[in-house]
Amino acid sequence: MFEVIRTETKQCERHGIEYQASTVKGFGPMPEITNGCPECQAEALAAADQAERVEQAQEQRQQRSEAARRHLEMRYQMSAIPPRYLTRTFDNYRAVDVGQQKALAACQQFADQFGSRLETGAGLILSGRPGTGKTHLACAIANQVISQGRSALFITVAALVRKIRSTYGNRDGLSEQDVINDFSRVDLLIVDEVGIQRGTDSEEHLLFEVLNDRNSYYKPTILISNLNATQMGEYIGERSMDRMREGGGRFVPFNWESYRTKVAADEDLPTAKGVVGTLQPPRAVEQAVLDPSTEWSH
């Protein structure tokens, strides 16, 4: 214990109180130690405690931020979105004519209201000529959905069918239903190149199974195709078209000249370098609803 060598009455000008200041014999470079005003000491302890709490809170925020960044990066990696399209947002889509503006509004609305889409399972069909920006807008939806903590998967119809067929005869691995179930777990499924080659009854059946399973769990699906509405019905079958219509699904036509040639040299379109972890949710735009007369028309 410390030995008290003297005690004296002192006054704290700051708090206007008298207190007993005890001086004890110290060690090393401080041979004597005198206690100060108890109010000042209490404030110093409180300040130190507050500073420690602030430091701990900041460290926790940094840990949460890093965990969120890692989860976001993982969702992007698992989405299989082509690197070029990880950079695509609604803000860098070039909507010039009325048709492009309507398509942009429909896709922006789909993304902004994705929570309600998960309550109805409403899907989207983006249909039109090659190079008209269908994949850009579909991936803009996916990028926004992922940035909001949801999962998305981008896959071609050929790869989807191939993945299911790879289970055939595999007694020790996944079954066909296991793969279909996997497709149903993702919040948003984007199926590209629908109708790029003539489908077989088997392909129609497998695509229907995926759409039907997702529909049962209210999971929205986006189909990207060069086919018009009639051709889509012939390719994927009327049952699959019915699943895409349910819950307020939309058919969005892309019937203008190639979009790709107009943006090929667009310097405002970023490259994929370092895009993961840097993408931010696209700027919210005013909600716009397509003219109902355009739904499910050529």
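In the predicted model, strand 4 and strand 8 (residues 250-254) are paired in the parallel sense through five bridges. Within this pairing, Leu126 has Val252 of strand 8 as its bridge partner. Strand 4 also pairs with strand 7 (residues 221-225), again in the parallel sense, here over four bridges. In that pairing Leu124 stands opposite Ile222 of strand 7.

Strand 4 spans residues 124-128, and five of its five residues are buried, so the strand is largely enclosed by the rest of the structure. In a regular strand, side chains alternate between the two faces of the sheet. For strand 4 both faces are covered. Leu124, Leu126 and Gly128 lie on one side, Ile125 and Ser127 lie on the other, and all of these residues are buried.

The packing of helices was examined next. Two packed helices are described by the angle between their axes and the distance between the axes. For helix 1 (residues 38-79) and helix 4 (residues 134-147), the angle is about 145° and the axes are 10 Å apart. The crossing of these two helices is right-handed. Helix 1 contributes Leu72, Arg75, Tyr76 and Ser79 to the contact, and helix 4 contributes Asn143, Ile146 and Ser147. Sorted by class, the residues of this contact are three nonpolar, three polar and one charged.

Helix 9 covers residues 238-245, and its buried residues are Ser240, Met241 and Met244. Viewed down the axis of helix 9, the buried residues fall within an arc of 100°, so they line one face of the helix. After helix 9 comes Gly247, which has a positive phi, near 75°.

Asn215 is located in helix 7, which runs over residues 201-216. The relative accessible area of Asn215 is 14%; because this value is under the 20% cut-off, the residue counts as buried. When neighbours within four places in sequence are left aside, Asn215 is in contact with Arg243 and Glu246. Of these two partners, Arg243 falls within the residue range of helix 9 (residues 238-245).

How values were computed:
Residues are numbered from 1 along each chain as its sequence is written. This is a predicted model: local features need pLDDT of at least 70, side-chain atom pairs count only at pLDDT 80 or more; totals for chains, interfaces and linings use all residues. Side-chain values use heavy atoms; hydrogens and water are left out. Buried means under 20% relative accessible area, exposed over 50%, partly exposed in between (1.4 Å probe, protein chains only). Contact means heavy atoms within 4.5 Å. Axes are lines fitted to C-alpha atoms, for helices over the stretch in contact, and angles run from 0 to 180 degrees between N-to-C directions. A crossing is left-handed if the near helix is turned anticlockwise from the far one by less than a right angle, and right-handed if clockwise. Ala, Val, Leu, Ile, Met, Phe, Trp, Tyr, Cys and Pro count as nonpolar, Asp, Glu, Lys and Arg as charged, and the others, Gly among them, as polar. Two strands pair if DSSP finds at least two bridges between them. The arc is that of the directions from the helix axis to the C-beta atoms.
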